[in-house]
Amino acid sequence: MSSVIAELLQPSCVLLQRTYDNPEDIIRAIGNELYKAGFVKESFAQAAIEREKNLPTGLPLAGGINAAIPHTEIEHVIKPALGLVTLSNEVNFQNMVCPQEAVPVRMVFILALEQPKAQIEMLQEIASVLQNPELVEKLLQANTFAEVITELKK
Amino acid sequence: MDTPKRILVACGTAIATSTVVAKGIEEALKERGISSVMIRQCKASEVRSLVDGVNLIVTTTPVPTDLNVPVIQTLAFLTGIGKEEVIEQIIEALKD
């Protein structure tokens, strides 16, 4: 179903069942992978970290496993891409709509968008993944890139 | 003819979440046969300068509260939680 997401994810930019201490470390790790793969500029990770501090992206989800969707201004992006990090531990992000509230997160989609208001399919697919607690659970259990893609395409 | 209602959809960068929200509102209103609505996306920091003539602000991130325009703060179009309720609120807010 989520074919655009499946296409945009690269093996090197999918980090599964990792342990991190804070949102910064997560964004830096995946930002570096997106940079090495040529999707974003070197400035992307730092810009997304700063953006996350000022305009957080934590989202409490229906199934109780929460997510965050860090992203930043288009000037840091070379071509559209997506990174995914699943976490063995919960990492606190702040709630997008209510930033004083912490959201313990276990799934992070990092969005590299190169045009305003574009990539609508990708964004809608991410929203539909977030709205599907069973799929979120399956993605958290996935051990390999191939398993992630299989679940997304179901 | 009725003047179209104007909705300002705000998020942090005006590139990601407001796109999903704008599309979600557009589809929900269309399903209910409401077509005379203009939706504009912006950054939360731009809301104050764009608020003239706007009937409703829908935002995923905090915006100023002294704008004299109804504000709906919601993640429902992203997370699905409470979406029907929010759509009803939007429709209610667009009524005269």
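This is a predicted model: local features need pLDDT of at least 70, side-chain atom pairs count only at pLDDT 80 or more; totals for chains, interfaces and linings use all residues.
How many residues does the contact take from chain A, and how many from chain B?

The contact takes 24 residues from chain A and 20 residues from chain B. On the side of chain A that touches chain B, the element that gives the most is helix 4, residues 120-130, which supplies five residues. If we sort that side of chain A by class, we find 17 nonpolar residues, together with four polar and three charged ones.

Let me turn to chain A by itself. Its secondary structure consists of six helices and five strands, and, read along the sequence, these elements follow the pattern α-β-α-α-β-β-β-β-α-α-α. The five strands form an open sheet with mixed pairing, and their order across the sheet is 1-4-5-3-2. Strand 1 (9-18) and strand 2 (58-59) of chain A each have a single partner strand, so they stand at the edges, and one side of each is left without a neighbour in the sheet. Helix 2 of chain A, residues 23-36, packs on this sheet, where it touches strand 1, strand 3, strand 4 (81-94) and strand 5 (102-112) of chain A. The direction of helix 2 makes about 165° with that of strand 4 of chain A.

Leaving aside residues up to four places away in sequence, A:Gln10 touches A:Ala37 and A:Ala81. A:Asn132, by contrast, is 122 residues from A:Gln10 in sequence and 22 Å from A:Gln10 in space, taken from C-alpha to C-alpha.

As for the overall dimensions of chain A, a compact globule of 154 residues would have a radius of gyration near 15 Å, and the 14 Å found for chain A agrees with that. The C-alpha atoms of chain A fill a box of roughly 35 × 35 × 30 Å along the principal axes, and buried residues account for 45% of the chain. Of the contacts in chain A with a separation of 6 or more, 72% are between residues 24 or more positions apart.

That brings me to chain B, which has four helices and four strands, arranged from the N terminus on as β-α-β-α-β-β-α-α. Here a compact globule of 96 residues would have a radius of gyration near 12 Å, and chain B, at 12 Å, agrees. Along the principal axes, the C-alpha atoms of chain B fill a box of roughly 30 × 30 × 20 Å, while 40% of the 96 residues are buried. Among the contacts in chain B between residues at least 6 apart in sequence, 55% join residues at least 24 apart.

Technical notes:
Residues are numbered from 1 along each chain as its sequence is written. Chains are lettered from A and ligands numbered from 1 in the order in which they are written. Two strands pair if DSSP finds at least two bridges between them. Helices (H or I, at least four residues) and strands (E, at least two) are DSSP runs, numbered from the N terminus. Two residues are in contact if their C-beta atoms, placed from the backbone, lie within 7 Å. Axes are lines fitted to C-alpha atoms, for helices over the stretch in contact, and angles run from 0 to 180 degrees between N-to-C directions. The radius of gyration is taken over C-alpha atoms; the globule rule is 2.2 Å times the number of residues to the power 0.38. A residue is buried if 20 or more other C-beta atoms lie within 10 Å of its own, exposed if 12 or fewer, and partly exposed in between; C-beta atoms are placed from the backbone. Ala, Val, Leu, Ile, Met, Phe, Trp, Tyr, Cys and Pro count as nonpolar, Asp, Glu, Lys and Arg as charged, and the others, Gly among them, as polar.
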